[in-house]
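Here is a short report on a protein and its ligand. Please look over the sequence and the structure before reading on.

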Amino acid sequence: MVDMSDDFSAPENGFQAIRFDGRCLELLDQRVLPVRESWLSVDHVDGVIDAIADLVVRGAPAIGITAAYGAVIAAHQRVGDIRAWRGDLNRLESARPTAVNLSWAIARMRRVMESADGPDPEVLLAEARAIHREDIAANRTMAELGSEQIDAGSGVLTHCNTGSLATGGIGTALGVIMAAARKGRTTAIYADETRPWLQGSRLTAWELARAGIEARVIVEGAAAALMAAGRVQWVITGSDRIAANGDVVNKIGTYSLAVLARQHGARFMVVAPTSTVDPLMASGDQVAIEQRDPSEIWRAAGMQNAPDGFLAWNPVFDVTPAELVDCIVTEQGVFTPPYSFRMAEKGRG
Ligand code: MRU
């Protein structure tokens with residue numbers, strides 16, 4: 001029998017924004033934070049697909065874990081019908097295009113069912129929980145490895161949200177930053193607000209406040225002035241997909257920060273588990289960049305910011321060339337240029 005209990009809730013695992021009891025998924029609704037802490041219950045696969053597409057749950061590792069649990073829910077719905085289950089997995093995989101963790105998790109779920117007649121919820125649950133558990137462990141290792149790179153007295157700037165909300169555990173970049181803060185290595189922490197969806201000011205600020213770590217939010221346009229003032233020694237971000245050559249796809253605005261960091265002598269660290277590495281993408285320009293509805297710009301966070309219907313260009317990720325990245329921290333170690341991630345190929349399905 002598979003252990004159905006929630007054994008992920010130890011404090012050292014971060015807080016759990018994704019809970020699954022074997023049948024029903026509970027997701028902390030990231031669309032309404034920090035105003036409300038409200039949970040969405042989902043017990044059918046279409047609900048899981050909508051939750052990923054609508055950003056109820058977001059962040060590359062978190063959507064991979066959610067999709068894996070979605071595959072278990074689909075198996076309960078499609079008893080004995082592997083064809084229909086496979087169709088559900090294709091739809092889960094297409095819920096968002098850019099983060100490779102989503103297709104990586106779905107590939108793992110497909111692989112465990114390769115030789116079966118029908119989807120077996122118990123086998124799938126064990127695999128989904130393994131994906132979740134491995135992410136928690138990777139987060140912890142990366143927090144330790146990454147925080148060791150940071151010299152005492154460093155100002156740190158981060159972008160988007162990369163903490164417990166975005167992962168299975170304590171986070172990627174935010175896990176490193178929190179560990180560095182606890183070791184007394186940071187002098188100041190800055191969170192970029194991250195337009196238009198405000199993952200930085202709504203979610204990262206909420207996580208830092210919850211952890212009791214002092215930090216400041218800045219508007220994106222303040223990053224250059226902040227660096228020119230010598231207040232940033234490290235820019236630290238996560239990633240949605242890292243190409244074989246080390247190009248980093250991440251939240252729109254990451255590339256600008258990397259350029260600014262190079263101009264001002266700050267270092268640029270990317271923190272991501274190997275599930276984010278895509279050895280099949282030779283370089284970042286091959287990655288599909290998600291374009292979202294312009295209304296996310298017109299009415300960001302419920303405010304009217306531009307006339308409705310005004311034309312907009314709203315790519316939600318960009319590509320930071322590998323030459324601007326000083327190090328990439330994964331659970332397998334700290335990588336420095338020149339990058340070559342072909343070694344992760346064995347993990348693909
Ligand atoms: O559109 P989002 O909010 O899902 O984008 C998330 C990011 O870009 C994160 O930086 C990335 O997933 C790394 S999170 C551990």
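How many Å lie between a polar side-chain atom of Lys251 and an oxygen atom of the ligand? The distance is 2.7 Å. Keep in mind that this is a predicted model.

## Contacts with the ligand

Ala60 uses its backbone instead. One of the backbone N or O atoms of Ala60 lies 2.9 Å from an oxygen atom of the ligand.

The ligand is well wrapped. On its own it has 420 Å² of accessible area, and the protein covers 99% of that.

## The space and its shell

Where does the ligand sit? The space it takes is the largest cavity. Two elements give two or more residues each to the shell around it: the helix α2 (60–77) and the strand β9 (248–251). Find both in the structure.

In total, 18 residues surround the ligand. The closest are Arg58, Arg96, Asp240, Asn250 and Lys251.

What kinds of residue make up the shell, nonpolar, polar or charged? Nine are polar, five are nonpolar and four are charged.

Domain 1 (18–139) gives at least three residues to the shell, and so does domain 2 (141–345).

## Two cis peptide bonds

Now turn to the backbone. Another runs from Arg195 to Pro196, with omega near 0°.

Both prolines are in loops. Pro34 is in the loop between β2 (25–28) and β3 (39–42). Pro196 is in the loop that joins β5 (186–192) and α7 (199–211).

## A positive phi

What is the phi of Cys160, positive or negative? Cys160 has a positive phi, about 65°, although this residue is not a glycine. Look for Cys160 in the loop between β4 (154–158) and α6 (173–182).

Definitions and conventions:
Residues are numbered from 1 along each chain as its sequence is written. This is a predicted model: local features need pLDDT of at least 70, side-chain atom pairs count only at pLDDT 80 or more; totals for chains, interfaces and linings use all residues. Side-chain values use heavy atoms; hydrogens and water are left out. A residue is near a molecule or strand if one of its heavy atoms lies within 4 Å of it. A polar contact is a pair of N or O atoms within 3.5 Å; within protein, one must be able to donate a hydrogen and the other to accept it, and residues adjacent in sequence count only if both atoms are side-chain atoms. Accessible areas come from the Shrake-Rupley method with a 1.4 Å probe; for residues, only the protein chains shown count as cover. On a 1 Å grid over the protein atoms alone, a cavity is a set of points where a 1.4 Å probe fits but cannot get out, and a pocket is an open set with protein on both sides within 12 Å along at least five of seven lines; lining residues have an atom within 4 Å of a point. A molecule sits in a cavity or pocket if more than half of its atoms lie within 2 Å of its grid points. Helices (H or I, at least four residues) and strands (E, at least two) are DSSP runs, numbered from the N terminus. Ala, Val, Leu, Ile, Met, Phe, Trp, Tyr, Cys and Pro count as nonpolar, Asp, Glu, Lys and Arg as charged, and the others, Gly among them, as polar. Domain bounds come from an automatic or database domain assignment.
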